[in-house]
Amino acid sequence: MKTDSDRSRLFQPFIDATDMVMCCPADALLGDIQQEAAGHGLRFPLVCDPAWSLQAHVSAVDYAPASSRFGPYVDNVLGMNWELPSGRVVRVGERVIKSTTGYDLLRFLLHSDGRYGRARDYVLRLRPLGGGRMSATLGGDEESLDRVRSALLSTSWIHWIDAVTLYVMQSGAAVLHVDTDCAAGEEAIFEGHLDAVRREAGLTKEARSGVHPDGLPALSVKTTVPAAKGIARRLVEENGGTAAVLCMNGVVHYFPPAGRRPVSFEGRLAEQCEADGGHLMGPWAEPFRASAHEMMWSTTLETTWKNL
Amino acid sequence: MGIHSLTNAEPRRTACGRKPLPADVALRIVITMPTGRLLTSEAQLTGYEADGISFKHFRPDAVAIPGNAAELIAVVRLLSREAIPFTIRGAGTSLSGGAVAAQGGVVVHTSRLRKIEEINSLGMYAVVESGVVLGHLEKSLAAQNLYYPPDPSSGAACTLGGNVAANAGGVHCFRYGVTGNYVLGVEAVLLDGQIVRFGGPAGGRGKWRDDWKRLFVGSEGTLGTFTRFWLRLIPRPECVWTFRATYPDVDSASAAIQRLGCHPAAPAAIELMDPRCVAMVENSPMAVGLPRGSFVLLTEIDGPAALVANRVSSIETLLREAGASEVSYSDHPGKRGELWRARKVAGGLMGQISPDWLVQDAVIPRAHLATVLGTIYAQADAAGIPVVNVFHAGDGNLHPSFLFDSRIPAQREAVEQLSHGLMTRVIELGGTLSGEHGIGNDKAAYMETFLGSVGKAMQLGVAHAFNPRHQLNPLKVFPERRFA
């Protein structure tokens, strides 16, 4: 393996509790990262399944449930050691939380699906671990769920709630899961607000938890906030399984029944999403055929970078 | 790196070296913009020869002011075909030498593309033309209880096109992030005349395989000409508390910054004024009664009233336990304005007390704040250049302002040397050259030191894909980007 002549530029594994950043191997499991960060009173909130690696997350999804509060992976990965197709490893991005130095290769490469190389290490932005937690699952009719969802999203409470996720299930039922990490002692404040919103809509709090399917979604759909629920419904109605709508982000994570593969649906879905400036990703997203124009830009990058 | 290599184009103070546009090209530009204007007289061009770095002058050969997006697109296509270098300019408030004609040619001024086309409260996005002034968008959103957080201090004048080009930040970036975190889509006209839309209201890749908008945000006008944006909006905070604390020394101020940074209340802003900045304010008619010799920390928490009210006492306790000699705070808009006043007037005062000033921009790991401030003081004092610091401490985003007289060559060179010293130290500490101003031509010479040769080659590959001859905003970001 060749490395950048300036080795000192590459990120080394570290955790900096003052700046709340850590560098870890791309294949580190999210569960291990959480454990490491928790030892410093910190957390990396973007987790779909702690048993999967960060690299697997980044390949399958660009948003996680906690993206409601913290944004997509591209806003929480600050830097990378990036292995070019030639085998050379270069540093891309930073270990500080803010940068506008040169072109943003970090965000461009992060979800580039292996076309220009692969990440070997990530530098992650961590967040304080509050010490308290509020988590609730609400059940009820669709109209009431919509009212609660809308009430939660339309005020600044949403800045402080990790996740507002609507689960659409094969049975046709749906539940709304609200979850946040908060300072110890603040749980009652969050619960009070949620109860007020829930009662006004006539929703019940359900005892069950763990509605989120294991593993990573087979298909992740990025669309607009208003369009997400409809897409989730269609995916589940036509293919079964479960869809999780990340309500604040306009994202649908679709988990099909075991062994099921959609055939014709995806083309229409892709067209609808792309028209709004969205996209599909994950194992079920068919390979995207780039236009001639895009191929020209990509080829220029590949040609330039392959000789480095 | 030699001092003389720090500027990569020879500034032109007079019209002597200016090459007027060929008459036929000028005529065609005029015809292309039936509702626009073409400026060519020396007096008109003077207003476009500098950006926020007022002492470096690059007079353009002409300035085109398209009257609308269609005219902008037509002018860009014409200039592209005619092989004339050109630079897109919004309000010209950049602080890095970004929106100036460093290699001559035409400045294309986007001030008339100022339509806010849509504010979609259901989809939580806005569609705006590239010349919309940030402050105008902010006013329109406030009426709908919506919020677009990036807030550079030039907000009353700067355009969203400039903000996206520089990936601008501002006071509230610590929690809310910078411009790039809010760009869902960009529409741009490329040098080949094609109009492209990367992303859109959904904020994804759209019809593209790769997420090209990521490269365009922060590209400093070197890849394409922005015509419109889709911007993400969020609910406006219901309640805001502002705190102002004074500290006797940098160590106690720094301790407060570190603790605030890790506090679950996640302050929206963490700002610091150093004693030299405090002295500047207190010696002026804008004095607010701050204790001289103190470091002044400003921080804000916001959110739903019920939640924020519960956090006020813990923030006050934190500030005091770190060693504050005085803590004031309020959620009353008028009183909050008073707490912010010293911070807000500092920039204007620098312009009043010094013929010239250069505000630098770099980001360091927060743990090194005290060390780097010490280095800045030592180097500036040794050079006899007054320096004041007022900056985004939560982000580790330094903004030392060097006050000097650019008519005195020794002072000008000393300021270049101080900038060089700062950037060298920032790189050593694992920081970065710019947090929110961009590189422009002011810091292009440091890019290779920062990126290394391979990193720089990767970056130049991007320019090569979209603007291989560097016709668009030449000599910016990388000194090699000279239009030939």
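1. Let's start with a term: a residue is called buried when its relative accessible area is under 20%, exposed when that area is over 50%, and partly exposed in between (1.4 Å probe, protein chains only). By that rule A:Asp113 is exposed, because its relative accessible area is 63%. Keep these words in mind, as they come back below.

2. A word on the background. This is a predicted model, in which local features need pLDDT of at least 70 and side-chain atom pairs count only at pLDDT 80 or more, while totals for chains, interfaces and linings use all residues. Residues are numbered from 1 along each chain as its sequence is written, chains are lettered from A and ligands numbered from 1 in the order in which they are written, and side-chain values use heavy atoms, with hydrogens and water left out.

3. Now to the sheet in chain B. Helices (H or I, at least four residues) and strands (E, at least two) are DSSP runs, numbered from the N terminus, and two strands pair if DSSP finds at least two bridges between them. Here 7 strands form an open sheet with antiparallel pairing, in the order β15-β12-β14-β13-β18-β20-β16. At its edges are β15 (326-330) and β16 (356-359) of chain B, each pairing on one side only. On average, neighbouring strands are turned by 15° against each other, direction ignored.

4. Look inside that sheet for a moment. Strand β12 (residues 239-247) of chain B runs antiparallel to β14 (residues 295-303) of chain B, and 9 bridges join them. Within β14(B), B:Thr299 is the residue opposite B:Phe243.

5. Which strands does helix α11 of chain B touch? Helix α11 (residues 312-321) packs on the sheet and touches β12, β14 and β15 of chain B, where contact means heavy atoms within 4.5 Å. Its direction makes about 15° with that of β12(B); axes are lines fitted to C-alpha atoms, for helices over the stretch in contact, and angles run from 0 to 180 degrees between N-to-C directions. Helix α14 (residues 409-428) of chain B lies across β16 and β20 (400-404) of chain B, at about 165° to β20(B).

6. Two helix pairs in chain B are worth a look. Angles under 35 degrees count as roughly parallel, over 145 as roughly antiparallel, 65 to 115 as roughly perpendicular and the rest as oblique. Helices α8 (residues 250-261) and α13 (residues 369-383) of chain B pack at about 140°, with axes 9 Å apart, which means that α8(B) is oblique to α13(B). Helices α9 (residues 275-282) and α12 (residues 333-353) of chain B pack at about 75°, with axes 9 Å apart, so α9(B) is roughly perpendicular to α12(B). Among the residues that meet there are B:Cys277 in α9(B) and B:Ala342 in α12(B).

7. How many disulfides does the whole structure hold? A search over all chains finds 0, a disulfide being a pair of cysteine sulfur atoms within 2.5 Å. The sulfur of A:Cys48 is too far for a bond because the closest cysteine sulfur, in A:Cys247, is 15 Å away. A:Cys48 is also buried, at 10% relative accessible area.

8. Finally, the backbone. Most residues other than glycine have a negative phi. A:Asp113, in the loop between α4 (105-110) and β6 (118-125) of chain A, has a positive phi of about 60° although it is not a glycine. B:Leu475, in the segment after α15 (447-466) of chain B, has a positive phi of about 65°. B:Leu475 is buried, with a relative accessible area of 1%.
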